[in-house]
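The entries are in the order in which I made them.

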Amino acid sequence: MSSVLFEECKLQNCILKNRIIMTPTFMAYGNEDGTISSAVLEHYRDMGASGVGLVVVENMIIDNKRSRFGRLMRIDTDDVIPDLAKLADVIKKGGAAAFVQINHGGRYAFITNPMAPSPVPAFDGPAPEEMSPAQIETVINQYVAAALRAKLAGFDGVEIHGATGYLPAQFLSPRTNKRNDHYGGSLENRMRFGLQLVQKVREAVGPDYPVGYRFMADEWLEDGLQLDEAKVYAGELDKLGVAYLSVTAGLYESFFTEDKIALSRQENYMADLAGAVKKVVAAPVIAAGRIATPDAAERIFNANQADLIGLSRVLLADPQWPLKAQEGRGGEINPCRADCDVCIQLVMRQKPVICAAWDGSRKKRFNELLKN
Ligand SMILES: Cc1cc2nc3c(=O)[nH]c(=O)nc-3n(C[C@H](O)[C@H](O)[C@H](O)COP(=O)(O)O)c2cc1C
């Protein structure tokens, strides 16, 4: 199989055994109070043993009061550190490195009093409160504290969620940031929150501890963030020493439009965006988006669109994707059907994911675990 896919790779001081990443995938397996359940540990044990080089654990919230979405796991207080340590450990025992994604929902928090750069409501939710400079500082400190907890718990690195329209992306976007102060208006101002945040986190965790960034290359909305501005931001993040840029696109207002549903059914559907970002940064770039087969991954490397590949639904559908690829058995990969959206439908309703591609015994195992 591909010499590139199974080459060792370095993300700052973290060595990956290959270039296959499990990108964050919210499963809604956490307990109602945001703590880690036995289903979470079992799921990530499997993912750590799947043969990927790195598992990036799904987004965890840095502020339980202002960033809630049912069943998200918390990384907002020190009492969760022992459980986080168990989670990092089960992943690493399987042979993968372990990172965790940290996140603030901003206007996407499913609470009565969300806060955001500007009072632009999400869907039919309430208009968020415009964040004051003091609140901005508090939130940046919450990201820093969460990153330090990840480090203390034994994660090999941390990923800041700057995509899918969450808080850093809300500041960057001209559609959701209507501020008149030095956090709004020009691109330079809209980039300020994300750049301050990355800088503060990097300073706190130290220069060798990898801080990756989930990167929004395009909001896929006419009045939203476009690739040309995103590339400028990528260059600035690169200067700050991010460990990688994990490129994605779209947000809840654009994901479910007819043309984007059709696009997301195609193999490698965001690889061109990763390629555009890769041209302007020195940091490693991760491409994601229905990289269904080892051959599809190979095409991304051949076109120089990314340094690593990210799998989410395709890995869920077949946790043996990497092992089968390594053994030249790509044809035996259990496919994630392009027209299936069961996992997305479930998490949007805050219900735990039972993948439609799983066999009966795996479905039964997780249904049992989730009862407890
Ligand atoms: C159910 C589900 C949950 C997801 N949760 C996250 C998340 O927590 N953080 C994130 O950055 N991306 C998340 N994603 C996006 C994936 O990481 C990935 O970029 C996207 O699904 C495309 O890859 P795929 O075609 O292999 O699924 C999620 C995707 C799905 C389907």
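The notes below cover strands, helix contacts and some single residues.

Entry 1, ground rules. I am working from a predicted model, in which local features need pLDDT of at least 70, side-chain atom pairs count only at pLDDT 80 or more, and totals for chains, interfaces and linings use all residues. Residues are numbered from 1 along each chain as its sequence is written. For helices (H or I, at least four residues) and strands (E, at least two) I use DSSP runs, numbered from the N terminus.

I looked up E6 (residues 97–103) and found seven of its seven residues buried, so the strand is largely enclosed by the rest of the structure. I call a residue buried if 20 or more other C-beta atoms lie within 10 Å of its own, exposed if 12 or fewer, and partly exposed in between, with C-beta atoms placed from the backbone. Ala 97, Phe 99, Gln 101 and Asn 103 point one way from E6, while Ala 98, Val 100 and Ile 102 point the other way.

I then checked its partners, taking two strands as paired if DSSP finds at least two bridges between them. Strand E4 (residues 54–61) runs parallel to E6 over six bridges, and Ile 61 has Asn 103 of E6 as its bridge partner. E6 is also paired with E9 in the parallel sense, over four bridges. There, Ile 102 stands opposite Ile 160 of E9.

Is Glu 159 buried or exposed? Glu 159 is buried, because 29 C-beta neighbours fall inside 10 Å. Contact here means that the C-beta atoms of two residues, placed from the backbone, lie within 7 Å. Not counting residues up to four places away in sequence, Glu 159 touches Pro 24, Val 56, Phe 99, Gln 101, Gly 212, Tyr 213, Arg 214 and Ser 246.

I read an angle of about 150° between H1 (residues 38–48) and H14 (residues 360–371), with the axes 8 Å apart. The axes are lines fitted to C-alpha atoms, for helices over the stretch in contact, and angles run from 0 to 180 degrees between N-to-C directions. H1 and H14 are therefore roughly antiparallel; angles under 35 degrees count as roughly parallel, over 145 as roughly antiparallel, 65 to 115 as roughly perpendicular and the rest as oblique. Ser 38, Ala 39 and Glu 42 of H1 meet Phe 366, Leu 369 and Leu 370 of H14.

The axes of H6 (residues 227–239) and H9 (residues 271–278) come within 9 Å and cross at roughly 50°. I therefore list H6 and H9 as oblique to each other. Leu 227, Lys 231 and Ala 234 of H6 make the contact with Leu 273, Ala 276 and Val 277 of H9.

I found Arg 290 in the loop between strand E12 (285–287) and helix H10 (294–302). Arg 290 is buried, with 21 other C-beta atoms within 10 Å. Beyond its neighbours within four places in sequence, its contacts include Asn 268 and Tyr 269.

Asn 268 lies in the loop between helix H8 (258–263) and H9. Asn 268 is not a glycine, yet has a positive phi of about 55°. With 22 C-beta neighbours inside 10 Å, Asn 268 is buried.

Asn 304 also has a positive phi of about 55° without being a glycine. Its loop runs between H10 and strand E13 (308–311). Asn 304 is exposed, with 11 other C-beta atoms within 10 Å.
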